[in-house]
Amino acid sequence: KVLVVDDEEDSLNVATRILKYYGANVVTAGNGELGLATARIEQPHFIISDLSMPQMDGWELIDRLKKDRELAGIPVIALTAHAMIGGRQRAIEAGFHNYLTKPLTPATFMRDLLNLLMAIPALAELLGA
């Protein structure tokens with residue numbers, strides 16, 4: 001089960017379609033506030049979250065997730081259209097497991113995502129690696 005949190009409908013749809021094509025059970029949220037609530041209810045295996053969103057951005061979402069005992073262990077991958085030098089390191093220091101950049105394309109999204117997930121031992125085991 002994957003939770004995708006993004007306020008951009010196009011990105012949300014692309015990620016959802018690709019993940020479902022590869023067999024994932026996908027739940028979505030349009031901002032960090034809804035993402036936090038959805039994570040509590042759905043208990044996903046991992047979360048992909050945009051960084052720039054209204055109401056609660058990805059930075060606040062990761063902070064709140066890491067402070068919640070029930071949610072702190074869920075791996076979270078940052079997603080951003082504003083890739084900057086040092087952005088990956090800043091995201092990892094904030095508590096994200098890694099970082100993907102937009103735009104999402106079917107040709108590279110799953111390859112890049114699987115490479116990131118395989119570096120997380122609990123998810124690598126779940127994925128059969």
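Predicted model: local features only at pLDDT ≥ 70, side-chain atom pairs only at ≥ 80, totals over all residues.
You'll find Asp50 in strand β3, which covers residues 46–50.

What does the Asp50 side chain pair up with? There is a polar contact of 3.5 Å between the side chains of Asp50 and Lys102. Lys102 also turns up among the residues that Asp50 touches once neighbours within four places in sequence are set aside.

Strand β3 belongs to an open, parallel sheet of 5 strands, and the order reads β2-β1-β3-β4-β5. At the edges sit β2 (26–29) and β5 (98–101), each with pairing on one side only. Ignoring direction, neighbouring strands are turned by 20° against each other on average.

Now for the β5 end of the sheet. Strand β4, residues 76–80, pairs with β5 in the parallel sense over 4 bridges. If you want a spot to look at there, take Ile77, whose bridge partner in β5 is Asn98.

## Helices on the sheet

Which strands does helix α3 touch? Helix α3 (residues 58–67) packs on the sheet against β1 (2–5), β3 and β4. Its direction makes about 150° with that of β3.

Helix α4, residues 87–94, lies across β4 and β5. Relative to β5, helix α4 runs at about 135°.

Definitions and conventions: Residues numbered from 1 in each chain as written. Heavy atoms only, no water. Pairing = 2+ DSSP bridges. Helix = DSSP H or I, 4+ residues; strand = E, 2+ residues; numbered from the N terminus. Axes fitted to C-alpha atoms, helices over the stretch in contact; angles between N-to-C directions. Contact = heavy atoms within 4.5 Å. Polar contact = N/O pair within 3.5 Å; in protein donor to acceptor, adjacent residues only side chain to side chain.
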